[in-house]
Amino acid sequence: MTVVINILVSVIFIIVLQLLGMLIFSWMTPFKDMEELKNGNVAVGLALGGKFLATAIILGVAAYTNSSIWFMAVWFAVGYVCLVLSYWIFELVTIGFRISDQLKKGNVAVGTLLCLVFVGTAFAVSSLII
């Protein structure tokens with residue numbers, strides 16, 4: 001019974017961290033992510049999906065490598081900060097346009113690249129989680 005309770009607590013904690021991560025990412029964008037999705041903006045959908053998958057990768061590795069929920073949360077926070085930094089670095093290296101403006105315009109190329117920046121960063125950072 002203790003194993004089942006531990007798994008349930010861990011799953012709930014993972015869901016809360018995932019939702020918190022997505023909420024923080026939505027605060028970073030100057031537009032309403034859900035409104036853009038509702039309007040069919042594929043670029044925003046790709047970027048948001050990349051954020052979701054990236055946070056899930058980091059959470060999964062953090063959960064797999066740590067038996068403590070608190071250590072998992074700490075490693076998730078470290079990985080999450082790396083994802084946020086990757087966004088701002090990507091914003092800096094795209095001279096001539098702002099990522100958020102291109103996403104709002106529906107630029108699928110930018111949305112796809114940002115999605116893969118997030119996923120790639122998540123794989124790289126998750127390899128450092130102990």
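Contact here means heavy atoms within 4.5 Å. The model is predicted. By that criterion, Thr 121 touches Cys 82, Leu 83 and Ser 86, with residues up to four places away in sequence not counted. Thr 121 sits in helix α6. Its relative accessibility is 17%, so Thr 121 counts as buried, the limit being under 20%. A polar atom of the Thr 121 side chain lies 2.7 Å from the backbone oxygen of Val 117.

Cys 82, Leu 83 and Ser 86 belong to α4, and their contacts with Thr 121 are part of a helix pair. Two packed helices are described by the angle between their axes and the distance between the axes. Helix α4 spans residues 69-93 and helix α6 spans residues 108-126. The two pack at an angle of about 140 degrees. Their axes are 10 Å apart. The crossing of α4 past α6 is right-handed.

From α4, the contact draws on Gly 79, Cys 82, Leu 83, Ser 86, Tyr 87 and Phe 90. From α6, the partners are Leu 113, Leu 114, Val 117, Phe 118, Thr 121, Ala 122 and Val 125. By class, the contact of α4 with α6 holds 10 nonpolar residues, three polar and no charged. Thr 121 is one of the α6 residues in this contact, and Val 117, whose backbone oxygen lies 2.7 Å from the Thr 121 side chain, is another.

Aromatic rings were examined next. A pair of aromatic rings is described by the distance of the centres and the angle of the planes. Four aromatic pairs are found in the whole structure. One of them joins Phe 76 and Tyr 80. Their ring centres are 5.7 Å apart, the planes make 40 degrees, and the pair is tilted. Both residues lie in helix α4. They are four residues apart, about one turn of the helix. Phe 76 and Tyr 80 are both buried.

Tyr 87 and Trp 88 have ring centres 5.0 Å apart. Their planes stand at 80 degrees, over the limit of 60, so the pair is edge-to-face. Together with Phe 118, Tyr 87 and Trp 88 form one aromatic cluster.

Terms used. Residues are numbered from 1 along each chain as its sequence is written. This is a predicted model: local features need pLDDT of at least 70, side-chain atom pairs count only at pLDDT 80 or more; totals for chains, interfaces and linings use all residues. Side-chain values use heavy atoms; hydrogens and water are left out. Axes are lines fitted to C-alpha atoms, for helices over the stretch in contact, and angles run from 0 to 180 degrees between N-to-C directions. A crossing is left-handed if the near helix is turned anticlockwise from the far one by less than a right angle, and right-handed if clockwise. Ala, Val, Leu, Ile, Met, Phe, Trp, Tyr, Cys and Pro count as nonpolar, Asp, Glu, Lys and Arg as charged, and the others, Gly among them, as polar. Rings of Phe, Tyr and Trp (its six-membered ring) pair if their centres lie within 6.5 Å; planes under 30 degrees apart count as stacked, over 60 as edge-to-face and the rest as tilted. Buried means under 20% relative accessible area, exposed over 50%, partly exposed in between (1.4 Å probe, protein chains only). A polar contact is a pair of N or O atoms within 3.5 Å; within protein, one must be able to donate a hydrogen and the other to accept it, and residues adjacent in sequence count only if both atoms are side-chain atoms.
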